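Hi,

Here is the structure I said I would pass on. Have a look at it first, and then read my notes below.

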Amino acid sequence: MATYTLNINGKEMQVEVDPSTPMLWVLREHLQLVGTKYGCGIAQCGACTIHLNGVAVRSCQLPVSAVGSQEVTSIEGLSENGDHPVQKAWLEVDVPQCGYCQAGQIMSAAALLKNNPNPGDAEIEGAMSGNICRCGTYVRIKKAIKLASQSSAS
Amino acid sequence: MAVSGIKTKIGRRAFIRNTSLASGGLVLGFSWLAGCKMTPEEVDNLPREWFKLNGYLKIGDNGLVTIMSPNPEGGQNVKTSMPMIVAEELDVDWKDVIVEQAPLDTDAFTRQFIGGSQAIRRGWESLRMAGATARQMLREAAAQTWQVPVEEITTGAGMLVHKGSSRSVGYGEMASVAAKRTVPDEAPLKNLEDFKIIGTSRKNVDGLKIVTGKPLFGMDTEREGMLIAMIVHPPAFGLKLKSVDDSSARNMPGIRDIFTIKVFNEGYEKMFFDTRTFNEVVAIVGNSTWEVLQAKKALKIECEPIESSTETRDRFGSKWEQHTPAGLESTNEHFAQMAAMASKPAEVRRRDGNPEAAFKRAAKIVEATYTAPFLAHNCMEPMNFFAEVNGDKADLIGPLQKPEFTEQALSERLGIPLENIDIKMTRLGGGYGRRSYAHWLVEAALISQRMMAPVKLVYTREDDMTDGIYRPAYRATYRAALDANNELIGFHVNAGGIPESPLEENRFPAGAVAHYLAEDWTIDSNLTVGSFRAPRSNFIACAEQSFLDEVAEAAGKDPIDFRLGLLERAAQNPVGENNDYDPLRYAGVLKLVKEKAGWGQQQEGVHRGVSAYFCHNSYAAQVLDMVIENGQPRVQKVTCTLDCGIVVNPDSAKNMAEGGIVDGIGNAFFGELTFKDGVPEKDNFDRYRMIRMGEAPREIEVHFVKNDIDPTGLGEPTFPPIFAAVANALYRAKGHRYYDQPFLGRDAISG
């Protein structure tokens, strides 16, 4: 066990955990930030996607000991009131079915748009290829990303 | 508002049961916005009192209405569309409605489960009556208060109006009086043309919670002092636990206990959904998921072969014998066994005319064989459940599809009476049939009982995939006899599977062919199988609709016109009496897809496949446009037409249709679980290939046939036919037919 002071969603938070504990479980179990989801545990499904210094990473493969003072953003910290352009677009397009993968999808999409505000279809597909949606809402996800891209640009 | 005289007895029990509760008026336990901080405005908007008019709804003194959504929500969006039906008949403004997930209460609600695309179809009347009887009680309350005849009271958007005396009042003000009235036996229902909510698109009531990551799922359950539990199961089907070596795992950090549990007692007669692969598993209990995971890796188990067994099971009152053979099964053997069975005499399920003679005099015979492998459900949220068993009480929270068919097993196993068991349903992170078999709920409860603590049981992805209740493997051989004029005079299907048959002998083209033979067989297996989105249809639709495409080609006919010709025969002069489809509605979706897809127009580099199917009470037709990019097939567009009667929530219905299409394309391309000596050869998404965005259609267009028929479901109907639309488009793109799923084989994982 070791104590870590983490910068999560703009706040300092302390946890006492085994150094090998992935951020996924630190967020979910030790900090009760359960929006980040467990799907596969091997970085294949993207349900656990968070931002590390603004870059989308799979938190199931990120040990807490590797985080240091880097900025961690989870779905709970993407916006104050659920009004990030990507979240708004998701609501407008009414993307989710079961909804389990959607926080991870939104985090991947938000990271994409931060770096590339106007991505083309192939760029969207490339950036989102690590996120599985078992319900098959991909057509809507892509539509929402394009909508968010337009609304951020205007 | 005009009213029709439709009356019903459905759901009476619910209303009677709840009248006594309603008479007191005030209902506590309001959990709106639970887990969220309320803004001052939201607090101001809360009613001071709620009045329950029946099991489905309560009205606040300020006019807000809480509607209970009876069924579990697994992505079909019933949590929005079922309350929409209640709100319609109650005649309130949708913006004044708050939706809550109802608890399991088989007295108050009918059919609280997900499955068979039946929620809307089977809920339609009782949901309408829930709204209509409450509206009637409000009208009676107004009539009583104003001393005017009830017939003169009209309603609109949550207001009661008496035109003659120019009086009007909101529902909220009349709710306390209404709640004291007896629930009426009959109540007028709206005419369809007066619907204001049904038929309009309303957004997912949980949308904001989903996109902001609020706790909604069973996996998100957290309680003071809660322990985490995982299981270890035998690595292969055909094995059972012999001994457990927990010497290194037991003393690892955070581990509380390790023990074995048995899900069902010896001699317990299992019901239809009481399927469990490994009756005895090891439970590892600890403080945190990560710690339990480490111990799980360190635990050693020894296994031994199972013996063959036969047990009697109960299928909703009728008994059947389930035979489980011993042995370690492999996929290669499975396919060889199925091929061998196909050449043996099979069980004749339907015979029309003289098929043997028809084939003898045929000018042309077309024959093809189709196969499909086992599939894992792979819900994104792995199986999990929370349990807190305390003495003779048990509280359970989590995702499951059929709570009322699981609680008996739980009660029997725990030795706790049903009335002391409380099951709360969380949003399901996918179900697709898998969560109908909720043995993990029993496991969670047994672990909690033993630990005397609240416990959340979590399956890892690997457990979820390798301890599954799979879609069976199937095989079907079709033969068609064409005469010299290319008329279809004979049709023969021989189908079977491991361990169930996919045959639906009374479906199309039965009824459209004079000489028809359908027969089937099964092969026992110790792999556990169960419902998977559109059971049986999810294979047989592909085989049948691929075959009809091939027969149409052999007959020199357009594939849509060929089907329409057969459907016309079935409508005009049907063969046999048990045809379980309406040929006119079937033809309707085909004609509509022909028009909407611009069928017949050639586009350079676009290869089109068509398919249509009727299952789960709804009709679907699809045209799939495929292109080849970098040597790989890509679905450019799917045009889908549906006849599911009245569409309650159109945009959400389209979402469901799109999901079934994408899911079907993914499974047609990649879906496959193989076994080697009883061991599933894939245990996570690195090897089990799931469809990803770059493989999904670029565009999906969904059109509904407009009619006034009572609504039917959409969770399943778009899934089965799309497999054949893929196969038929692939044929045109690649020049050869695709018979064996998955069509793209075991290509490298993208992602």
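Let's start with one residue: Ala510(B) sits in the loop that links strand 24 (488-498) and strand 25 (515-522) of chain B. Helices and strands here are DSSP runs (H or I over at least four residues for helices, E over at least two for strands), numbered from the N terminus. Before going on, note that this is a predicted model: local features need pLDDT of at least 70 and side-chain atom pairs count only at pLDDT 80 or more, while totals for chains, interfaces and linings use all residues. Residues are numbered from 1 along each chain as its sequence is written, and chains are lettered from A and ligands numbered from 1 in the order in which they are written.

Is Ala510(B) buried or exposed? Ala510(B) counts as buried because it has 25 C-beta neighbours inside 10 Å. (Buried means 20 or more other C-beta atoms within 10 Å of a residue's own, exposed 12 or fewer, partly exposed in between, with C-beta atoms placed from the backbone.) Leaving out residues up to four places away in sequence, Ala510(B) touches Arg350(B), Glu505(B), Tyr516(B), Ala518(B), Gly576(B) and Asn579(B); a contact means C-beta atoms, placed from the backbone, within 7 Å. Arg350(B) is 160 residues away along the chain, with 8.9 Å between the two C-alpha atoms.

Next, a sheet. Four strands of chain B form an open sheet in the order 26-27-28-31, with mixed pairing (two strands pair if DSSP finds at least two bridges between them). Strand 26 (607-615) and strand 31 (699-704) of chain B are at the edges with a single partner strand each, so one side of each has no neighbour in the sheet. Strand 26 of chain B runs antiparallel to strand 27 (residues 618-629) of chain B, and 9 bridges join them. One of the bridge pairs is His607(B) with Met626(B).

Zooming out, the domain assignment of chain B, which is automatic or from a database, gives domain 1 (3-205), domain 2 (220-309 + 377-466) and domain 3 (336-375 + 470-734). The contact between domain 2 and domain 3 of chain B takes 18 residues from domain 2 and 17 residues from domain 3. On the domain 2 side, helix 12 (residues 461-466) of chain B gives the most, with 4 residues.

As for the whole chain, chain B has 17 helices and 31 strands, and 54% of its 751 residues count as buried.

Cheers

Definitions and conventions: Two residues are in contact if their C-beta atoms, placed from the backbone, lie within 7 Å.
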